[in-house]
Amino acid sequence: MVRYFKNFNYLMFASMLALIAIGTVAIWSAGNARSEAVFHGMWKQTLATAMLGLVVYLALSIADYRKILEYGSVAAYGTALVLLVAVLVFGAKIYGGRRWLWFFQPSELSKLCIIMFVANFGRRFREFGFLGFVLTGIAVGVPLLLILAEPDLGTALTLVPAVLIMMFSLRIWRKGLFVILAVIALCGSAVMAAVYEAEKPGVTEERRAAILKWVPLKAHQVKRVKVFLFPEEDILGAGYNLRQAKISIGSGGFSGKGIGKGETNHLKYLPQAISMNDFIFCVYAEETGFIGSLALLALFGMLVVPGAWTAFTSNDERGEALALSVSMLVFAHVYVNIAMSIGLVPITGLPLPFISSGRTFLLTVMAALGMVQSVATHREVGK
Amino acid sequence: MTSIVSIIVFVLGFIVLGVNLKEVQIDESAGYNYANARQSVRRVQTAAPRGCIYDRNGTLLAGNRKSIGIVLSTTPFQKRTWEATQAEIIAAIDRTGKIVGLENPLSDKAVRRHIRQKLSMPLLVWRDIDEKALARFCEHEQELEGFSLAETEERVYPQGRLASHLIGYVGRAEGDLNAGDVKFNFSDREMRGRSGVEHYYDSFLRGVSGEKNLIVDARGFTQSESTIKVARRGLDLTLNLDAKVQRAVEQELKGCIGACVVMDPRNGEVLAFASAPDYDINEFVPILKSELYDSLAGDRRKPLLNRASGGAYAPGSTFKPITALAGLGMGIPAEAELECIGVYEVGTMKLHCARTWGHGIENLKTALRDSCNPYFCNLGMEAGTNAIITAARTMGLGAKTGIDFGVDMAGVVPDDEWKRKQYGQKWYQGDLAQMSIGQSMLLVSPLQMARVAGALGTGYLVTPRIKAGEPVARTKLPFPAKDLAKVREGMELVVSSGSGKAGGEGVGVKVAGKTGTAEVGKGETRRKNTWFIAYAPAENPTVAVAMVVEYGVSGGSTTAPKVGAVLRSIFNG
C-alpha cells in the first residue's frame, strides 16, 4: 500500500481531473446553445459518467494490470468482436453510420480491448518474426475492418499509431515497421495528390471521375480532403464546418469571450450536430482564447508525457507497451481533433478526450489511464 | 527508447498545435472577428421623426401622428423547416387576431416574403390599431408571446385639403440602403417628401436617421439588438403662408378650375398659394394607393397639376399695364389718343375689342380702365417688339421666379428667334399686336402675375418666398416713377369705375387691379381663361394677388368678385 501511494503518478491524475472539469464546463456551454432541451443537462450526465470512470480508474490502478491482461485480455477482445458485429446488425443508424448499440459505442470500447490484447500477446507474436507481425495484423485488422464498416474512420485511424507504437516497443518485426510507416505515408500522400488533381479548379467532370475511381475514399471523405486542400472554396457548402470552426477559434482571440459567452456557438453558426463532440474544441477555444488553448495543451501534455514516462520506468514489457499505447491513443485523439478544427488535417469524426460529450469514450479513456496508473504503481523499484 | 521517442513526438506535436493556434487566435484573429460580425450582425437604419410644418401664425399644416401597430418577432416561432415556421407564424397571427378582434390582414405570400427577405426584422401585422384592439392587446399581453406593440409616426395634415399643392406629400423611402460609407441590411423606410414643400425642404424636415444592430443566429433569427445611433428628429418649418388667407382663397376657387397666389409685394412672402381642383393629402398617408393616384391622374380637370406656379396661361389683358410701360418708355405720351371702333386691323388680320361697337376716343388711362384692345394694339405697334419684350422680361416673365419651391414654370415671352425655332415662321406684325394685348404665344403662371401686380404697385420686383425668414431679394424696376404712376392711375380706375369694379367692392382700402380674358383653344375646347390681378392698398401696397379661373365668362365678372372677396377677408378682418 505504501508503494501504491509512492508510485502513484499524481501529475497524471491531477491533469485528468482538471480536464474533466474543463470538459464539464465546455459541454455545459455547448449544450446550452442547442435548441433541444435534452442537451442542456448533458453536462450532469457527463459528470456522473466521469464519477463512475473515477471509480473504475482507481480500481484499475489498484489492481495488478498484469493479472488483468493475463486473465482479461482474451475476454475483452472477444467481447469487443461480438459487440462490433452486434452494432453492425442491431445498431441504430445516426448521421449515416451505425455506431450506437443501445446506449454506448462499441468502437470506442474496442480500442482498449484491442490494446490490451496486443499488449498481452505481443511478446509471443514476436517470437514468430514476420509471421508474428502478420498475426498482430490479423488480430488488429479484424476489429479494425468491423470499425471501418460502421464506418468510423476516426477511431480506426487513431488505433493505427496506438498499435504501431506497441509493435515498436515489443519489437515485433521492427525492420518491417519502418516499411509500413513509409507505405502509410506514401499512400496518404498519393491519395492527397490524387484528390488535389481531381478537385483543383478547371478539371473536367470526366477527368475528375476518372481519377476519383482510383481513390479508395467515399464521396464524403473526398469532400473533406477537398475542403482541407481548398478551404476557401465553397464556404457555404462542404467547407462550411471548417470555416465556422476557424471563425469560432479565431474570434476567441487572446483571452476569449468568456465562459458561456461564445457567440458563434450560441448563435448556432458552429454546426450544432457536432459542437458538443468533434468540434467542442471550437466552443472551448472561442470562450477561453489562446490562453485557454495553451492551458488545454499543457494539461494534455501533463497527461501523455507522464504516461510515456511510466512506460519508460516500467520494467515489464507488457506494462511498457500498454502505457505507451494508451498515451499514444490519447495523443492521437487530441492532435487530430485540434488539428482538424484549424484545418491542419482533413476533418475526421473524432472526439477530444475528456472535453467531448461521448460517454463511452470517456469511460474507455479513464479505464485505460487507470491501467496506465496501475503500470506506474506496480513497477518494481530498484530491480 | 520507444518511450523517449514518444515523449519527443508528444512535445513536438503540441508545439506544432500551439504555433498554429497562435496563428489562428492571435495573428488572424481580427479577420475571424470580422467574419463573425459580418455573418451575425444585421445593420438597420432607423427612421427619424419628421419635422412639422406651420403657417406664419403657428397653425399646424403638417405634423406627425403616433400610430400604434402590432408587430411579430419571428424568433419564437422558428421551426425546423421554413414551411413549418411559416405555418406557425400564420397560426400565431390568427390566434392573436381572435384575441385582439382583428382579421389577419396578411396573405400567406406576404408572410413567406417576410420570412425570406426580412426574417431578422419584426413583421408589422396590424398597423394603426384602434383603442379597442389596443385595450384587448394590453389585457392579454402575457398570452401573446412574440407579439408586441410598435409605435410609428405617420404624416398627418390637420387642415385637410388646405394648401395641398403647396405642402405636397410624402412617401416611404425606397430601399436605398447605402448611406455614405455605411451599408445597411434593412431600413425602417422613413418618410421622404415627394412633392411640394415636403419635397423641396425634405433634407430640412427629415432629420438624421439612426442605426441599430441586430444580432442574428445562423438561420437569421434575431437574438438581440443594440442601438448604435439614436435617430435625430427633423427641424420644424414655418411658412410665410397665412392659413386664413389660404382658406379664403380656396373658398373662392371651390368648384372652379384655376389658381390664385397672394403675396406681400414688399418682401415676397407668399401668403396664399392655391390651385383648384385640389385633393386631400391625408388620403396619401401612409401610402399613395395606386387606385387613388390613377383616379387623380386620370381626372380631366387635372387635380394633380399645380396651376399656381406650374400652370401656363396667356395673360390676356392683364398684360396691358406692361404694354403701357413699354409705350411710355418709348416716349409715347399717356395723353396720346386713339378712336376705338371695335376692331383693329393689322394687314389682313382683324383684332376685335370687347365692346363690339368700340369705346370711342381713348387715352392710356381710360384704355386701361376699359381694357380697350385697339388702343393697346396700336400702342404696341408704335412701341415695337423689342420694347414690349424687354418690358415683359423686366417684369420677370419668361423666366423662373426663383421661388423656394419645386415647381417654378418659366413660361414664354416669344420673340423672332423663339418663333422660328418653335414654328419655323418669322415674327409678324400681327404677332406684335397680339402680344400687346397679352395673347400670341405669351405664357405666364399666376405666381408670375402676382409678382407683376406687386411690382406695378411698389416699383420693385421681388422673389417669392415660401419659407419664413428667408432674406428678401428684390430689384428696382427701371421704369421712371412718373410712368409707373400713370399706369397705377389706370389700374385704380379699373377698380373704381372700370372693368374690374367687383375686385374692390366693399374692401376697406383702395384697390388697384386689372382684368383679363384670354380666349384659348379652338372649336369644342374653345374657352375663356379669366384673370384678375390686383394690389392693395393702392397707395402703399401690402398685398398683391393674381387669380385665374378657367372656363370663365370674363375677368371682370368671373374673377374680380372672387379677388374682391379675398381682399375683404384680408383687409376687413
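The centres of domain 1 and domain 2 of chain B, taken over C-alpha atoms, are 47 Å apart. Domain 1 of chain B covers 43–238, and domain 2 covers 243–295 + 304–571; these bounds come from an automatic or database domain assignment. The model is predicted: local features need pLDDT of at least 70 and side-chain atom pairs count only at pLDDT 80 or more, while totals for chains, interfaces and linings use all residues. Residues are numbered from 1 along each chain as its sequence is written, and chains are lettered from A and ligands numbered from 1 in the order in which they are written.

The two domains touch through 28 residues of domain 1 of chain B and 25 residues of domain 2 of chain B. Two residues are in contact if their C-beta atoms, placed from the backbone, lie within 7 Å. On the domain 1 side, at least two residues each come from β5, α6, β6 (170–172), α7 (196–200) and β13 (237–238) of chain B. Helices (H or I, at least four residues) and strands (E, at least two) are DSSP runs, numbered from the N terminus. By class, this side of domain 1 of chain B has 11 nonpolar, 11 polar and six charged residues. Here Ala, Val, Leu, Ile, Met, Phe, Trp, Tyr, Cys and Pro count as nonpolar, Asp, Glu, Lys and Arg as charged, and the others, Gly among them, as polar.

Chain B also meets chain A, with 30 residues of chain B in contact with 40 residues of chain A. The elements of chain B that give two or more residues to this side are α1 (2–27) and α2 (29–40). Helix α1(B) supplies the largest share, 17 residues. The side of chain B that touches chain A divides into 13 nonpolar, 14 polar and three charged residues.

Next comes strand β1 (residues 41–46) of chain B, which pairs with β11 (residues 210–216) of chain B in the antiparallel sense over six bridges. Strands pair if DSSP finds at least two bridges between them. In this pairing B:Gln45 stands opposite B:Glu211. Strand β1(B) also runs parallel to β9 (residues 186–187) of chain B, joined by two bridges, and there B:Phe186 is the bridge partner of B:Val44.

Most residues other than glycine have a negative phi, and most peptide bonds are trans. B:Ala163, in the loop between β5 (147–156) and α6 (164–167) of chain B, has a phi near 55°. B:Ala163 is buried, because 30 other C-beta atoms lie within 10 Å. A residue is buried if 20 or more other C-beta atoms lie within 10 Å of its own, exposed if 12 or fewer, and partly exposed in between, with C-beta atoms placed from the backbone. B:Ser371 has a positive phi of about 55° and is found in the loop between α13 (364–370) and α14 (373–383) of chain B. B:Ser371 counts as buried, with 28 C-beta neighbours inside 10 Å.

Cis peptide bonds join B:Ala276 to B:Pro277, with omega about 0°, and B:Ala536 to B:Pro537, with omega near -15°. B:Pro277 lies in the loop between β15 (270–276) and α10 (290–298) of chain B, and B:Pro537 in the loop between β23 (527–536) and β24 (543–549) of chain B.

Helix α14 of chain B holds B:Ala383, which counts as buried with 25 C-beta neighbours inside 10 Å. Not counting residues up to four places away in sequence, B:Ala383 touches B:Ala326, B:Gly327, B:Met330, B:Ile332 and B:Ile388.
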